[in-house]
Amino acid sequence: KVGKLSDEDMQAFLASNVLCRLGVLDDDGWPYVVPVWFQYKDDGFYVIPRERSDWARYMEKDRRVYLDIDEPGSLRKVLVKGEAQLIERANVGGKWVEIANEMSYRYLGPHGPDYLVPTLNEPRWLFFIKPISMKTWQGVDWAKKYKHDGWGVS
């Protein structure tokens, strides 16, 4: 397959164990990119930084973010321009626990909670990234806008 992902294909891709690269702006306005686990639901992306994660502070200060969710091989990708919404500040036992549990199963399999449970005493933030725009792609070919149209590159 080549081209935009169907909604069904995008949903399946985002439900896989692919990592996300989250781009935020640091205190000096420079891009800061970090790989993160995410949970796609409620038409957006949940991320759960640890209490002392620099990127949590950056998102709190400047809500503009960009997500790059991709994989080698099939070249499937989802690119998201979005706004980070703080759901809860770093805490122990908040709403983040249920979402982190779902993530642990998705990323680590049936024994995912074996990793999560011993760290539940570590405070974490909960952010929701509301997409402003999403672009998807799959396959090895160029999008039409990059192909030669007979008059030059369009």
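Helices (H or I, at least four residues) and strands (E, at least two) are taken here as DSSP runs, numbered from the N terminus. On that count the protein chain has four helices and seven strands, and the order from the N terminus on is α-β-β-β-β-α-β-β-α-α-β. The model is a predicted one, so local features need pLDDT of at least 70 and side-chain atom pairs count only at pLDDT 80 or more, while totals for chains, interfaces and linings use all residues. Residues are numbered from 1 along each chain as its sequence is written, and side-chain values use heavy atoms, with hydrogens and water left out.

First, the overall picture. The C-alpha trace spans about 60 × 40 × 25 Å along its principal axes. Of the 154 residues, 40% are buried (under 20% relative accessible area, with exposed over 50% and partly exposed in between; 1.4 Å probe, protein chains only). Contacts (heavy atoms within 4.5 Å) with a separation of 6 or more come from residues 24 or more positions apart in 70% of cases.

Now for helix α2, residues 54-61, where W55, A56, Y58 and M59 are buried. These residues cover an arc of only 160 degrees around the axis, which puts them on the same side of α2; the arc is that of the directions from the helix axis to the C-beta atoms. An α-helix has 3.6 residues a turn, so residues three or four places apart point the same way. The cover over the buried residues of α2 includes β1, β2 (31-36), β4 (44-47), β5 (64-70), β6 (77-91) and β7 (124-137).

Leaving aside neighbours within four places in sequence, the contacts of V24 include W55, Y58 and M59, along with W30, P31, Y32, R64 and V65. V24 and A84 sit 60 residues apart in sequence, yet 9.6 Å apart in space, C-alpha to C-alpha.

As for the pairing (at least two DSSP bridges between two strands), β6 and β7 run antiparallel and are joined by twelve bridges, with F127 in β7 as the bridge partner of L86. β4 and β7 also run antiparallel, joined by three bridges; here F45 has I129 in β7 as its bridge partner.

Also in β6 is N91, whose side chain reaches the backbone oxygen of R89 at 2.8 Å. Not counting residues up to four places away in sequence, N91 touches W96, E122, P123 and R124.

How values were computed
A polar contact is a pair of N or O atoms within 3.5 Å; within protein, one must be able to donate a hydrogen and the other to accept it, and residues adjacent in sequence count only if both atoms are side-chain atoms.
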